[in-house]
Amino acid sequence: MNTYLFAWNPDRWNWPNIKEMISQIPDKKPIHKWKTNRKHKIGYGDNFLLVKLGNLEKSDKGIIGFGKIVSNVYKDKDVIKNIEQVNFVDLEFEKLSLNPLISLEELDKIERHIHWTPEGN
């Protein structure tokens, strides 16, 4: 089982139902499809972390969610970039917040050798 880092940049995509998803936890673990550049070695049962990035104060950036990947990679249309076939996985959130659970500042203190701000997932 591996752990993968996904990124959300609110400057590029306004996540319209994030508050609704947050309100469902802990009674329900909401699922959201997420684009990935990976094709292999990622899939059902793996863990994920979701980092919030963008044109924000550093204290507003950081890990805002985590959970399990509950699908293997599949193809679907990217409606944001209007690309016909890209790779997605389904993320099941155990925890999700608008504010960082662990800030980027804290992550840098924990482990400076990990690249916490990926451009692509």
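Phe66 is found in strand β4, which spans residues 62-69, where helices (H or I, at least four residues) and strands (E, at least two) are DSSP runs numbered from the N terminus. The model is predicted, so local features need pLDDT of at least 70 and side-chain atom pairs count only at pLDDT 80 or more, while totals for chains, interfaces and linings use all residues. Residues are numbered from 1 along each chain as its sequence is written, and side-chain values use heavy atoms, with hydrogens and water left out.

- Six of the eight residues of β4 are buried, so the strand is largely enclosed by the rest of the structure; buried means under 20% relative accessible area, exposed over 50%, and partly exposed in between (1.4 Å probe, protein chains only).
- β3 (47-52) and β4 run antiparallel and are joined by six bridges, with Lys52 standing opposite Gly62 in β4; two strands pair if DSSP finds at least two bridges between them.
- β4 also pairs in the antiparallel sense with strand β6 (residues 83-96) over five bridges, and here Ile69 stands opposite Leu91 in β6.
- Two bridges join β4 to strand β7 (residues 102-103), again in an antiparallel arrangement, with Ile63 opposite Ile102 in β7.

**Surface around Phe66**
- Phe66 is partly exposed, with a relative accessible area of 32%.

**Asn47 in strand β3**
- Asn47 lies in strand β3 and, at 21% relative accessibility, counts as partly exposed.
- Not counting residues up to four places away in sequence, Asn47 touches Met1, Asn2, Thr3, Tyr4, Gly67, Lys68 and Ile69, contact meaning heavy atoms within 4.5 Å.

**Backbone features in loops**
- Most residues other than glycine have a negative phi, and most peptide bonds are trans.
- Lys41, in the loop between β2 and β3, has a positive phi of about 65° although it is not a glycine, and it counts as exposed at 73% relative accessibility.
- The peptide bond from Ile25 to Pro26 is cis, with omega near 10°, and Pro26 has its place in the loop between α1 (18-24) and β2 (31-35).
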